[in-house]
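Here is a quick walk through one model, from its overall layout down to a few individual residues. Have the structure open while you read.

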Amino acid sequence: MPTTVVALALGRWPLSSQACQVFGFFNMFTLVQSVLSLCNISINRYVIVCKPFRFPSIYTTKRSIMMIIVCTSISIIISTPPLFGWAEYGYVDTQFYCFCLWPKSPSYAFFMIGVCFGIPLAVMAICNVLIFKAVQASKKRTARSSRSSMAISKNISIQESSSDTEVPTKTEKEKKDKPKIENKKERKHVDMVDVQVEMSDSNTETNDVKKRLSKLPSNKVKAEDVRLALALAICVVCFFISWFPFCISMLIGIYAPNSVSNDFHLATLLIGYSNSCMNPVIYGIINKRIGKGFKDLFCRCRCCKEEKL
């Protein structure tokens, strides 16, 4: 972006052609890396919302590092063909920056539109649709389990109140078989022991029911995961809105280069650049923990500088 601003101010590329190829390569690399990272995050959100029990085993530290390495490697591989003859990096005078010269290789242009725009966007869309369905299903399960828990709790409270007020009676057979106790105090003591044993059994059963209820697996999706998924969905929509005009500009530049003004091509690039500043704002507004993380990071850096001084 700084080189684009300089070229826009001067009206020409200020550096050498070799430097333009280097900047063109890194522009392509960072664009592909950004898109694949969004796609990777979409898959991550899908797993943590839809497959929460498998998330810890899938996203270990080593596997996460490997995913980042693979994502970076794919970005480098996709960005290198113009350096070896399939298309060419050069100065695009309609947009004042160094990038791939699409008219010289339409096949590479369609390849990049498919790989960098079509496929990742399809993956992100599918992940967000599945997340939305999982959230809706979780809400329904939560409502059903809440009603069931209320009904069971009501039955438990009724059992507890009845066990406190009702004294179990002996059957006629038990009264006949029970040995006669001459001492009335001893008979009263034995009856009270029987009542306490039966009440203890009733309370034990009630506690067992409560324990079984507490051990039931929770199907509720965490609210924080839902907020992150919502932020990602907004990022995907912003990504599509930001870069779709750029794809249109690519196709116009290939098949009808003089049909629109240079201002249109430049505007599509600036809209695409604006996507870079949207994601931190979206995540920071919707999820407060990310904002707190950045705040802690900046405070830590400031403390380190103060310690050095």
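## Ground rules

Helices (H or I, at least four residues) and strands (E, at least two) are DSSP runs, numbered from the N terminus. This is a predicted model, so local features need pLDDT of at least 70 and side-chain atom pairs count only at pLDDT 80 or more, while totals for chains, interfaces and linings use all residues. Residues are numbered from 1 along each chain as its sequence is written, and side-chain values use heavy atoms, with hydrogens and water left out.

## The overall picture

The protein has 11 helices and 2 strands. Read from the N terminus, the order is α-α-α-α-β-β-α-α-α-α-α-α-α. Of its 309 residues, 31% are buried (under 20% relative accessible area; exposed is over 50%, partly exposed in between, with a 1.4 Å probe and protein chains only).

Contact here means heavy atoms within 4.5 Å. Among contacts with a separation of 6 or more, 74% are between residues 24 or more positions apart. The accessible surface comes to about 20,200 Å², and 65% of that belongs to carbon and sulfur atoms (Shrake-Rupley method, 1.4 Å probe; for residues, only the protein chains shown count as cover).

Helix 4 has 19 residues and reaches 27 Å from first C-alpha to last, close to the 27 Å expected at 1.5 Å a residue (the expected span is 1.5 Å times one less than the number of residues). Its buried residues are Cys 71, Ser 75, Ile 78 and Ser 79. They cover an arc of only 100° around the axis, which puts them on the same side of helix 4; the arc is that of the directions from the helix axis to the C-beta atoms. On the other side, Lys 62 and Ile 77 are exposed.

Ile 76 also sits in helix 4. This residue is partly exposed, at 37% relative accessible area. Leaving out residues up to four places away in sequence, Ile 76 touches Phe 25 and Phe 29. Ile 76 and Thr 30 are 46 residues apart in sequence but 9.2 Å apart in space, C-alpha to C-alpha.

## The nonpolar cores

A nonpolar core is a set of buried Ala, Val, Leu, Ile, Met, Phe, Trp, Tyr and Cys residues joined through side-chain atoms within 4.5 Å. The largest one has 42 residues, and those with the most contacts inside it include Met 28, Phe 99, Trp 102 and Phe 239. Helix 8 (223-255) is among the elements that supply at least two residues each, and helix 8 gives the most, with 11 residues.

What does Met 28 contact beyond its neighbours within four places in sequence? Its partners are Ser 79, Tyr 89, Phe 99, Cys 100, Trp 102, Tyr 108 and Met 112. Apart from this core lies another, of 9 residues, among them Val 47 and Ile 131.

## One salt bridge

The structure holds 1 salt bridge (a side-chain nitrogen of Lys or Arg within 4 Å of a carboxyl oxygen of Asp or Glu). The side chains of Glu 88 and Lys 104 form it, at 3.2 Å, N to O. This pair links distant parts of the chain, 16 residues apart: Glu 88 is in the loop between helix 4 and strand 1, Lys 104 in the loop between strand 2 and helix 5. Glu 88 is partly exposed at 32% relative accessible area, while Lys 104 is exposed at 55%.
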